[in-house]
Amino acid sequence: MKLGTISKLAGCGLLLSIVACTGPEGAAGADGKDGRNGTNGLNGDACWAERVSGGFQLICGIDTVGVLKDGAKGDPGQPGEQGEPGTPGAQGPKGDDGAAGTSCSAAPVDGGFQISCGGEVVGTILNGQDGAPGADGAPGADGAPGADGAPGADGTSCSAVPIDGGIQISCGGEVVGTIMNGQNGADGAPGADGAPGADGAPGADGAPGADGTSCSAAPVDGGFQLSCGGEVVGTILNGQDGAPGADGAPGADGAPGQDGAPGQDGAPGQDGADGASCTATPVNGGYDMVCDGVSVGTVTSCTARALENGVEISCGGEVVGVLLGSPAVATVGNKAYSDASAALAAAAADGGTVTLAADISFSDQMTLTDVDVEIDLNGKTVTATNSYPFVVDAGASLVIRDNGAGGKIVAPVYGVWVQDGGTLTVESGTIESVESTVVPWGEGSIVNINGGTLTASDNCPVSGNGSRTSNSVINITGGEIIGNITSAGYASCGVYAPNAGQVNISGGHIVSTNGAGVVVRAGTLNITGGTIEAQGDAAFKGKVGDSRVVVTTSAVVVDLASHYPGLDVDNDKVNISGDAVLSGSHAALDEVLDAGQSTIYSVSGGSFNTLLPAEFIAAGYAQSTVADDQGYFTVQPE
């Protein structure tokens, strides 16, 4: 809280919750005999505070009498728990086709060609070698020498004439034979060329990687919402700030200075004695006040009360001043807060009463566990932006009241969520929401509606949950419960009882503007008083909750055909008695049954705007057949 204007009372200066007082002027001395009047006693020493490191130094006269330390700063809040990992995003679209395969080339090298693919040498193809030349044929064998001829006739001569491939022999003018030259051996066939080396197969293109899903973070109430591939995968909530450090306890008031002793009658011209000066010495629990060397007591027992724009300080039961600073929006006990979230967090941690001093906007969630908290709206408005602004968990209780006029809580979806073992009590004030103002959710949760106004703009103000089999208790003894509807195809209702447990209505006024007053799908409903009114077209039917079964504009509708998990057809009952008043546009009481199911109504009292089926009436009771002057038919003992 900032130090601001300080008010003063009767010569006392209020300095940071400390009242330092100077002594009043000494009384005038009595006239001396034949002397001059005594002058006024001197003023006692003044006190003031000077800022020093870590606080304020208190000075009286010229002496330092103590130091007021600043309140310690609160520890920073612990980081919020990390949100659960988001689910993997959907696979991205198929990647583009892979890059074209690498091309290959052949470069001549000694003895062949070097093969390169994609700029890298992958092998060499060598030329086939020529075959070795064939070996020469073996020389032909010499012919056998011819036999000596008979002695020729004289005169016959022989001659040899070269011819193609040899020599032709003629003797006596006649050819007698031919001698052929031996043939050269045939050349060997050339060796076959070596087969060219096979080209290396090009490497397969790598499959393109799937596109990674892109993720983004969008700010939401209390943190960031993570989306990947266009889908929300989770939320990271901000850690809550630590509660601010407690303000330093206000310093004790200084004792008022003593009056100066009156001047003595005596020699003329003598001044009266100076007023006594006082000093304050810090002691355990306050300040020891000493005036003229004499201890006059210890100053303690000062209190602070939050105002709209500061803190009022009282000592000894009297208001001694006001410290002005940042406007307080709420107090928890005797401590004022200028921040709504800090005030509610302090109450959630240690319990206590939160009293609003101004309209506030609340974006966090107040979760109570094993503490007792009361919220006094004090005529102010809490505008919540969180879907679940108030959660009452195991072992905790929350009381909502309005000690002012017009105080209310406005919530965007739900008002107060009551978990396993939690208790909510509404005494006064207004709670407005879109869906449900109060939701008893878990085993052993208790909701008490004793007063105030609960309004839902598009559902049921008081609502359980049909997926639960847990036993919860709803007690309605007073107040106004108003259900409206805007969603097409749906019906409004005042109280929705779809789970095991009990709903007890003994007072109050329940109104459904276009649907059923109370819808029962499981558990036991006991009505002994109060007024239940179902408005709208008598022919209208609409859905409530997640069931496809439609309900009518009747004060109470029992729906067994939906077969909700908490239904126990052998033990669940709707008991109506006492002075309860029920009316509906369609009927006072209605039911939806499957084949073979029997009614669970047992009516032994109350007033109804329509005649009831005989099977609804308890044994020994009967309904009048003539309406009273208000148009109601009563059920009484036969």
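Thr455 stands opposite Ile482, which lies in strand S40, and four bridges join strand S37 to S40 (residues 480-483), the two running parallel. Strands here are DSSP runs of E with at least two residues, numbered from the N terminus, and two of them pair if DSSP finds at least two bridges between them. This is a predicted model, in which local features need pLDDT of at least 70 and side-chain atom pairs count only at pLDDT 80 or more, while totals for chains, interfaces and linings use all residues. Residues are numbered from 1 along each chain as its sequence is written, and side-chain values use heavy atoms, with hydrogens and water left out.

**The sheet**
- An open sheet of mixed pairing is formed by 12 strands in the order S25-S28-S31-S34-S37-S40-S43-S46-S51-S54-S56-S55.
- Because S25 (360-362) and S55 stand at the edges with a single partner strand each, one side of each is left without a neighbour in the sheet.

**Pairing with S56**
- Strand S54 (residues 607-608) pairs with S56 (residues 633-637) in the antiparallel sense over two bridges, and Ser607 has Thr634 as its bridge partner in S56.
- Strand S55 (residues 621-623) also runs antiparallel to S56, joined by three bridges, and the bridge partner of Ala622 in S56 is Gln636.

**The disulfide**
- A search of the whole structure finds one disulfide, a term that covers a pair of cysteine sulfur atoms within 2.5 Å.
- This disulfide joins Cys460 to Cys493, with an S to S distance of 1.7 Å, and the link is right-handed, with 100° about the S-S bond.
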